[in-house]
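Open the model in your viewer and keep the selection panel at hand.

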Amino acid sequence: MRFKLRDTQMEFNQAKRVIESLAAHGRAGCGIITLANQTDVTQSQLREFLNSNKDFFSQLDNESQYTINVFGKYQGSVEAMLESFRKRDKAARALILLLMIIGVFFLGYLLGSE
């Protein structure tokens with residue numbers, strides 16, 4: 001079982017496929033349906049992921065087309081985006097592990113005090 005803190009239930013490999021696929025489409029961008037077909041990620045997951053990562057992606061003229069954000073924090077660098085996503089994933093996993101450890105100790109304390 002995998003626990004996730006991110007609001008998008010996106011695995012690293014899925015995120016990598018999305019970022020690389022959008023980068024391959026260049027400045028013309030790509031629509032949600034095409035992107036879903038190319039990456040095997042659901043359309044709802046893609047919408048949430050694309051809209052919650054404005055530093056990675058930009059929407060073209062309020063259409064359903066998205067492209068890599070070349071003006072954002074990562075300047076269109078796929079490698080920098082993937083590294084950032086990987087760091088966030090590690091931080092989320094560490095936090096969940098810490099919360100689980102605290103929960104186990106608290107449960108042990110409650111059971112031991114009876």
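Which residues does Val18 touch, not counting residues up to four places away in sequence? Select Val18 and show its contacts (heavy atoms within 4.5 Å): they are Leu35, Thr39, Val41, Leu46, Phe49, Leu50 and Phe57.

Two notes on what you are viewing. This is a predicted model, in which local features need pLDDT of at least 70 and side-chain atom pairs count only at pLDDT 80 or more, while totals for chains, interfaces and linings use all residues. Residues are numbered from 1 along each chain as its sequence is written, and side-chain values use heavy atoms, with hydrogens and water left out.

**The core**

Next, select Val18, Ile19, Leu22, Leu50 and Phe57, which touch the most other members of the largest nonpolar core, a set of 23 residues. Such a core consists of buried Ala, Val, Leu, Ile, Met, Phe, Trp, Tyr and Cys residues joined through side-chain atoms within 4.5 Å. Buried means under 20% relative accessible area, with a 1.4 Å probe and protein chains only. At least two core residues come from each of H1, H2 (32-39), H3, E3 and H4; H1 gives the most, with 5.

**The aromatic rings**

Now show the side chains of Phe12, Phe49, Phe56, Phe57, Tyr74 and Phe85, which ring pairs link into a cluster. The structure holds 5 aromatic pairs, counted when ring centres of Phe, Tyr or Trp (its six-membered ring) lie within 6.5 Å; planes under 30 degrees apart are stacked, over 60 edge-to-face, and the rest tilted. Zoom in on Phe12 and Phe85: their centres are 6.2 Å apart and their planes at 35 degrees, so this pair is tilted. It links distant parts of the chain, as Phe12 sits in helix H1 and Phe85 in helix H4, 73 residues apart. Both residues are buried.

**Helix H4**

Select residues 78-112, which form helix H4. Its 35 residues should span 51 Å at 1.5 Å a residue, and its end C-alpha atoms are 51 Å apart, which agrees; the expected span is 1.5 Å times one less than the number of residues. Colour Val78, Met81, Leu82, Ser84, Phe85, Asp89, Ala92 and Ile96, the buried residues of H4. They pack against H1 (12-25), H3 (43-52) and E3 (65-68).

**The whole chain**

Zoom out and switch to cartoon. There are 4 helices and 3 strands, taken as DSSP runs (H or I, at least four residues; E, at least two) numbered from the N terminus. Along the sequence they follow the pattern α-β-α-α-β-β-α. The C-alpha trace spans about 65 × 25 × 20 Å along its principal axes.

Notes
Buried means under 20% relative accessible area, exposed over 50%, partly exposed in between (1.4 Å probe, protein chains only).
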